Amino acid sequence: MSQLIKLPSLKKISFLTVLAVYFLIAVGGIVRSTGSGMGCPDWPKCFGNWVPPTEASQLPPDYKEHYASLRAEKNERFALYLDKFGFVEQAELIRTDESILVEEDFNAAKTWTEYVNRLIGALIGVFIILTFLSSIKTFKTKPKLTYLSFFIVLLVGFQGWIGSIVVSTNLLEWMITIHMLLAIAIVLLLIYIYQQSKEDTGSKLKKTSYLNRASWFIVICMVLTTVQVVLGTQVREMVDQVSNLLGEANRHLWIDSLGLNFKIHRSFSILILIAHFFMFKYLFAATEKNSGFRSTFFLLAAVVLLEIFSGVIMAYFAIPPALQPVHLLLGTVAIGIQFFILLELNKFYQPVKMKDSLIYS
């Protein structure tokens, strides 16, 4: 098939796919910030159709009971899977939590927001398949990229199934977290394929003694930023609870009602800022001043600062809805850039032996 269809290079299509997945993450953030996550009570269809209704009159009178029943059946099957893997407590929670089956009133805006989100998700699937097909052309020279691309296809299918469980469990908090972590994993794997398909630029080190420290701080920053994103999904769940309790009229009271998780999430930003300071310190010390690679450092610095700044605005200006998806997107973009920098260091600066002394090519 790859010979019958003129496919873009693996470098080009993998880069476009990374951008597309990040766009989907942004759209997913919009879905969450607008409360549209349950705009479609079933999956993959929406209200039983591939094109959803535009008004409640197009639905049967008992649509709430019908879709609640379908979700209950799906949740029971999911609970059985959890039992088999030893997650008995989580399985029992799904079986006994009646709020999971609460069906929302039909809202055309929310329904179509979620529907567009799903359409974009389907488009991402096409990009993923094109990435796999393009990778076949590199099989002889880089077979691991073809295997990895095929694994991503399977992972995206699994992600789609997890998305259906997120819907059937009525946006259960820990399921949303798993859904987000899988999205990050897919992005990182695609970034790896893109980075491995690039040609070497011949970047050089200025002071190799700082390379190991820089690499360790990149890993630390990746871990801290990922933890911060997970904490953010938990805070986002609390925002939903507080908004339902206090209402939109008391939006200015939401922040004070978020509790300990928000305080940890807020304070964690300081730790992330400090870790990035040391990471940049060693990265700049290890690279040449005129290296084009340094532009990636500046990009990461801008993303991290914008992420923290957007968090500050949300904390002091009653969580503006428009900033919520931006804040989430910046966090995931930061992780991707951190990973790319780490890969670049490992690719360009491989240690070699010369006259009994260790240098870097």
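Which residues have the most contacts inside the largest nonpolar core, and how many residues does that core have?

Guide: The model is predicted, and what follows is computed from its atoms. The largest nonpolar core has 73 residues. Inside this core, the residues with the most contacts are Ile191, Leu283, Leu300 and Ile341. Helix α6 gives the most to the core, with 14 residues.

Leaving aside residues up to four places away in sequence, Ile191 touches Val18 and Tyr22, together with Gly336, Phe339, Phe340 and Leu343.

From α6 the next step is its neighbour α5. Two packed helices are described by the angle between their axes and the distance between the axes. The crossing of α5 past α6 is left-handed. By class, the residues of this contact are 20 nonpolar, 5 polar and 1 charged.

On to α4, residues 108-136, which also packs against α5: here the axes come within 7 Å and cross at roughly 165°. That angle therefore makes α4 roughly antiparallel to α5. This crossing, too, is left-handed. On the α4 side, the contact is made by Arg118, Ile128, Thr131, Phe132, Ser135 and Ile136. On the α5 side, Leu145, Thr146, Ser149, Phe150, Ile152, Val153, Val156 and Val167 take part. The contact of α4 with α5 has 9 nonpolar, 4 polar and 1 charged residues.

Back to the cores. Besides the largest nonpolar core, there is a second, separate core of 12 residues, and Met238, Ile255, Phe262 and Ile319 are among them. Ile319 lies in the loop between α9 and α10, and is buried, with a relative accessible area of 6%. Its phi is positive, about 55°, although Ile319 is not a glycine.

Ala318 has 23% relative accessibility and so counts as partly exposed; the cut-off for buried is under 20%.

Both loop residues are touched by Arg251. Apart from residues up to four places away in sequence, Arg251 touches Ala318, Ile319, Pro320, Pro321 and Gln324. Arg251 is placed in the loop between α7 (211-246) and α8 (260-286). At 13% relative accessibility, Arg251 counts as buried. For scale, Arg251 and Thr141 are 57 Å apart in space, C-alpha to C-alpha, and 110 residues apart in sequence.

The peptide bond that joins Trp43 and Pro44 is cis, with omega about 5°.

Conventions:
Residues are numbered from 1 along each chain as its sequence is written. This is a predicted model: local features need pLDDT of at least 70, side-chain atom pairs count only at pLDDT 80 or more; totals for chains, interfaces and linings use all residues. Side-chain values use heavy atoms; hydrogens and water are left out. A crossing is left-handed if the near helix is turned anticlockwise from the far one by less than a right angle, and right-handed if clockwise. Helices (H or I, at least four residues) and strands (E, at least two) are DSSP runs, numbered from the N terminus. Ala, Val, Leu, Ile, Met, Phe, Trp, Tyr, Cys and Pro count as nonpolar, Asp, Glu, Lys and Arg as charged, and the others, Gly among them, as polar. A nonpolar core is a set of buried Ala, Val, Leu, Ile, Met, Phe, Trp, Tyr and Cys residues joined through side-chain atoms within 4.5 Å. Buried means under 20% relative accessible area, exposed over 50%, partly exposed in between (1.4 Å probe, protein chains only). Contact means heavy atoms within 4.5 Å. Axes are lines fitted to C-alpha atoms, for helices over the stretch in contact, and angles run from 0 to 180 degrees between N-to-C directions. Angles under 35 degrees count as roughly parallel, over 145 as roughly antiparallel, 65 to 115 as roughly perpendicular and the rest as oblique.
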